[in-house]
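I opened my notebook to look this chain up, one topic at a time. Here are my entries, in the order I made them.

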Amino acid sequence: MDHNIFQINQILEKLSKIDYIKPGEIPNIELYMDQVTTFMDSHLAHSKRYADDKILTKTMINNYAKNKLLPPPAKKKYTKDHMFLLIFIYYFKSILSINDIQSLLTPVCDRYFGSKDGVSLEDVYEEVFSMEKEQLDALVQDVKQKFETAGGTFDALPEEEQDPMRMFSFICTLAFDVYVKKQIIESLIDEMAAEKNIQEK
């Protein structure tokens with residue numbers, strides 16, 4: 001299990017370095033699409049699985065606009081609010097469908113995109129991501145605990161089979177956690193949609 005401990009420590013070290021794009025890092029000027037993709041690619045590079053992965057492409061941005069996840073740019077330029085929405089989309093897209101992302105973001109976008117009075121989309125973004133550090137610390141502890149629990153499985157197997165099966169057990173535990181949380185998110189989105197339908201009738 002020593003090799004597995006080394007692996008998990010490397011993963012946790014990478015996890016502890018995850019950071020979000022702070023509002024002050026986003027340019028106050030409007031950006032052309034090439035500038036948007038370059039900015040996102042450099043600021044979210046830590047989350048790439050492979051070095052040549054693309055965080056955001058022109059095709060993705062066009063598809064988001066076509067699917068009404070993103071308001072169209074004015075004169076081919078994207079505002080700071082566009083950038084906030086693209087960051088939300090980036091995090092949501094790995095676990096949610098386009099329809100679910102649309103259901104989540106449409107009311108937020110309708111209310112806060114381009115808002116000049118009261119709460120802005122930047123305020124929403126900052127409030128949500130301000131919880132990041134606290135959540136990340138709790139997540140690291142949870143992953144460690146799951147790893148330790150998995151380390152106590154498959155004791156009856158021959159010694160040479162224990163490590164790979166314990167790693168399999170650990171991955172299954174993490175996958176189940178993601179599955180359950182995805183089910184919760186989808187249920188909440190469905191409830192929000194049902195409430196919206198009732199209000200519109």
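**Overall.** I began with burial: of the 201 residues of the chain, 30% count as buried, where buried means under 20% relative accessible area, exposed over 50%, and partly exposed in between (1.4 Å probe, protein chains only). I kept in mind that this is a predicted model, in which local features need pLDDT of at least 70 and side-chain atom pairs count only at pLDDT 80 or more, while totals for chains, interfaces and linings use all residues. I also noted that residues are numbered from 1 along each chain as its sequence is written, and that side-chain values use heavy atoms, with hydrogens and water left out.

**Fold.** I found eight helices and zero strands; helices (H or I, at least four residues) and strands (E, at least two) are DSSP runs, numbered from the N terminus. The C-alpha atoms fill a box of roughly 65 × 45 × 30 Å along the principal axes.

**Cores.** Which residues touch the most other members of the largest nonpolar core? I got Val36, Met40 and Leu86, out of 34 residues in that core. A nonpolar core here is a set of buried Ala, Val, Leu, Ile, Met, Phe, Trp, Tyr and Cys residues joined through side-chain atoms within 4.5 Å. Two or more residues each come from α2 (33-43), α3 (58-66), α4 (80-92), α5 (98-112) and α6 (121-129). The largest share, eight residues, is from α4. I then followed Met40, which touches Ile21, Ile55, Leu56, Met83, Leu86 and Ile87, leaving aside residues up to four places away in sequence; contact means heavy atoms within 4.5 Å. A second, separate core has 10 residues, among them Ile8, Phe147, Met167 and Phe170.

**Pro73.** I looked for Pro73 and found it in the loop between α3 and α4. Pro73 counts as partly exposed because its relative accessibility is 27%. Beyond residues up to four places away in sequence, Pro73 touches Tyr78 and His82. Its C-alpha atom is separated by 9.3 Å from that of Met33, 40 residues apart along the chain.

**Cysteines.** I checked for disulfides (a pair of cysteine sulfur atoms within 2.5 Å) and the structure holds zero. Cys109 is buried, at a relative accessible area of 12%, whereas Cys172 is partly exposed at 36%.
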